[in-house]
Every structure is written in C-alpha cells, then in structure tokens.
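Thanks for asking me to look this one over. Could you open the model beside these notes and follow along?

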Amino acid sequence: MAQALYRKWRPQTFDEVSGQEHVLQTLRNAIASGRIAHAYLFSGPRGTGKTTMARLLAKAVNCTNPDLSARPDNTCAICTAIADGRMLDLVELDAASNRGIDEIRDLRDKINFAPGQSRYKVYIIDEVHMLTEPAFNALLKTLEEPPPHAIFVLATTDPQKVPATIVSRCQPFGFRRLTLGEISSRLQHLVDEEGLTAEAGALTLIARQATGSMRDAVSLLDQLAAGGADITLDRAQTALGAGSLRWVSDVLDALGHVDAAGGLNAINHAIDSGADARQFARQIVEQLRAVMLIKLGEGRLIDLSNEQRSQFEAQAARLELDRLTRAIKLFNQAASDLRGGWQPQLPLELALIESLQQPTVATVVTAAVPVVRHAPQPAAKPHPVVEQHQSSMTAPVQPVTQAPALPAESVHTVGAAFS
Ligand SMILES: [Zn+2]
C-alpha cells in the first residue's frame, strides 16, 4: 500500500537527522564556509544514515538558497528535484550490485561533461568496498584529477577493504550506531506523524532489536504498523520474535552457571520459535558486551533500562572475565559464519560449548586432552581482582569454575575422555 516509512520519512534537511552530530557539525561548517571537498568517505554500520547524509550533502552543495547556512532548504528547485529523485546531476551507484570496471569507466567518460541543472555533479557510490580491483584503479585515476564540478561520496560498511590510496584522497567521516534514545525518539516522532499509537515499551523493544540501525528500527515499526495502528508491547514481542531476547538471557545465564545443557536448550528453543540465527548471535554478542562493560565498571557506556541493568549486573558477577571475552569472540565468529549455513543453530552451539571450556582448550573442539592437564596448577590465578569480586557474589558456586568446565554428560566429546 503506502510508501515504506523509511523512505517516506527520510530526513530532507540537516535538522531532521537523528544522531551523528559530529558529522553534521563538520558538514554544516563546510557548507556555510563554502569549503567543499571533492571526495568524502562515509563509513559506519548499515542503517546509520550514510546514504541519507550523502543525499543531504548533494542537496546542500547545489541548493540555491542565498543564505549558505540555510542549505539545504528543501524548498528550492534543486532541493525538491533531489527529494523527488529526478536530479540528473546526482548519480547513485550501488557497488554491491555494480562491482565492475564498466560502471566506473562509464562514470569516468561522463564525468567531464559539466552538470546540466546544478553547480556540482555528485556521485554517491554505496558499499564502495565491493568494487573490483580494476574498478578501484579506475576510480583512483578519477579521484586523482577530479573535474572541479565533481564531488564523490563513497559510503561503506567495511572501510578496511577500501584501498588506502582511495581513502587518502577522501575526507573521512565515521558514522556510529544510533543510541537507544535516538532511535526511540525518532520512532515516537514517526508514530505521531503517522497517527499511530504505540506503547513506550514497544518502541524501546523495537529500538533494542535494531541494534543501532535506524533503518532496521523503522522497518520493524513499519511491519508492526501494517498489522494495526495500535502498537502494544505484547504485539511487538510476538511479531519480533522477541521471545528471543529471553533466550539470549538464558544463554548468558548458562554461560555463568557453566550449564551446557541449559545453553543448548535455549539456543534450540530460540531457533525453533523462529528467531533468525544470525540476529540471535548478534543479540548474544551485544548482551555479552554490555555485561563485559558492566564488569569493567564502564556500564555508563551503554543504554539500558533499570530492569536490564540489574539483570546484566547479576550476569557480570557470575561470569569470569576470560570466559566473557572468549564467548564474545566465539559468538561474534558464529554470527559471521552463519551466512547460508544449512544448520543454523550449529555455529551457535559450538560457540557455546567452546566458551564453556577452560581457556587452554578453548580452540580445541574435540576436547580429548582437556581440563585435567589444567587442574594441578592452582598457582595460575590470572584475574585475582575478578575472583575476589566473584567470591563475594557467588561463593557457593566457586568450586565449579575450578573443576572441569563441562559436566561429562552434557558433551559427548568430553565424555569420551572419562571412559
Ligand atoms: Zn535548496
């Protein structure tokens, strides 16, 4: 039916942008003072506003408002043409689907023609890291001698893969994940504009599920709005499979209690109830990170509700720091291994089991050698501070963490070592 909310409410002026203040401020100053670069590199996670900002920049450099600091005004002929997607001097190329040399050659052939309608031709190359090597070389030649009327905005979610020769020609801007507060208040704004009603808890849940991506958050809101104008927490939980958040916490509890069976159970329940394995892995990493920061006394770095904070603090008290960091690495790895796997829960299960093993065997899945070797070295106390902290919280559980990490019956490979 209607246009997707994300497109419909895409910010049309700098004032409408949520977050990314550091980027906004620098671009505004550049526009107001007329100091415009020929190439920009926008890097950051997906859905954080890189393409939106690139289009705003295309508007701002071409806007005809005599007050430089009011650009883009979104009212002049150029601004409206860009907003309507009919400005020929704005060329957008998605390098994820047009990776090759032909597209870049075509761009180079045309770039020397002066713009038709506006001051600058603006080229936005999205996911620029996907270009092939010959395409990068061709692009580099263009960036080395850009015609005065050309501006490039290269956007990427993976700046490490952009050649240094390209990066060094660009003014870099890092986009960060949006905070829970930034996403929730934007969602509330859209709800009001669209004449919907939504419980605050539902919007917080959507914001949390989106893990910093405004695009994901607005798409989730869109899905829910399609099912009815009254967005309750209950509906949001059902629709978003946010049961999965409960299972995320169960996985962390299992890590804290060295309970392999409980962890496997939680993973399988989450997947069976329809959670996306990759998203589930990300949520686990997200929560593990929060717990780690709390453990390190840096809990203020994260947005949490009071209820979550006390839950995470309890998990932080139970989890040793080395297990925590190992679990973060392993589940993060699982999240990237999950592309098109035929058995979606397997990488998660492996991450769980490996996280529960003792540090020295962490990299060995078939743990025939394990733990026992480890036992006669009581002198090894790598984290005395953490242990002290722990013993005050969970004194009775302490001996378990010194024993072999896994109950023999919970993992077959370990069981073999005891037979
Ligand atoms: Zn304008």
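The points below go through the sheet, the cores, the rings and a few backbone details.

1. Ground rules. This is a predicted model, in which local features need pLDDT of at least 70 and side-chain atom pairs count only at pLDDT 80 or more, while totals for chains, interfaces and linings use all residues. Residues are numbered from 1 along each chain as its sequence is written, and side-chain values use heavy atoms, with hydrogens and water left out.

2. The sheet. Five is the number to look for: an open sheet of 5 strands runs in the order β2-β3-β4-β1-β5, with parallel pairing. Strands here are DSSP runs of E with at least two residues, helices are runs of H or I with at least four, and both are numbered from the N terminus. Two strands pair if DSSP finds at least two bridges between them. At the edges stand β2 (90–94) and β5 (171–174); each has a single partner strand, so one side of each has no neighbour in the sheet. On average, neighbouring strands are turned by 15° against each other, direction ignored. As for angles in general here, axes are lines fitted to C-alpha atoms (for helices, over the stretch in contact), and angles run from 0 to 180 degrees between N-to-C directions.

3. Inside the sheet. Strand β1 (residues 39–43) runs parallel to β4 (residues 150–156), and 5 bridges join them. Phenylalanine 42 stands opposite alanine 155 in β4. Helix α6 (residues 133–144) lies across β1, β3 (121–126) and β4, at about 140° to β4.

4. From β2 the chain passes through helix α5 (residues 101–111) to β3, in a right-handed β-α-β crossover. Right-handed means that, with the strands pointing away from the viewer, the path from the first strand over the helix to the second runs clockwise.

5. The largest core. Which residues touch the most other members of the largest nonpolar core? They are Val251, Leu255, Phe280, Ile284, Leu288, Phe331 and Leu348, out of 42 residues. A nonpolar core is a set of buried Ala, Val, Leu, Ile, Met, Phe, Trp, Tyr and Cys residues joined through side-chain atoms within 4.5 Å. Buried means under 20% relative accessible area, exposed over 50%, and partly exposed in between (1.4 Å probe, protein chains only). Helices α12 (243–256), α13 (260–272), α14 (277–295), α15 (306–318), α16 (321–337) and α17 (346–356) each supply at least two residues of this core. The largest share, 11 residues, comes from α14.

6. With contact meaning heavy atoms within 4.5 Å, phenylalanine 331 touches residues including Val251, Leu255, Ile284, Leu288 and Leu348, not counting residues up to four places away in sequence. Apart from this core lies another, of 32 residues, among them Ile31, Phe42, Ile124 and Phe175.

7. Aromatic rings. The structure holds 5 aromatic pairs. Rings of Phe, Tyr and Trp (its six-membered ring) pair if their centres lie within 6.5 Å; planes under 30 degrees apart count as stacked, over 60 as edge-to-face and the rest as tilted. Tyrosine 123 and phenylalanine 152 have ring centres 5.3 Å apart and planes at 20°, so the pair is stacked.

8. Backbone details to check. Most residues other than glycine have a negative phi, and most peptide bonds are trans. The peptide bond from arginine 71 to proline 72 is cis, with omega near -5°, and proline 72 lies in the loop between α3 (50–62) and α4 (77–83). Asparagine 74, in that loop too, has a positive phi of about 60° and is partly exposed at 22% relative accessibility. Valine 258, in the loop between α12 and α13, has a positive phi of about 50° and is buried at 8%.

9. One more residue. Is threonine 52 buried or exposed? At 6% relative accessibility, threonine 52 counts as buried. This residue of helix α3 touches Tyr6, Arg10 and Pro11, again leaving out residues up to four places away in sequence.
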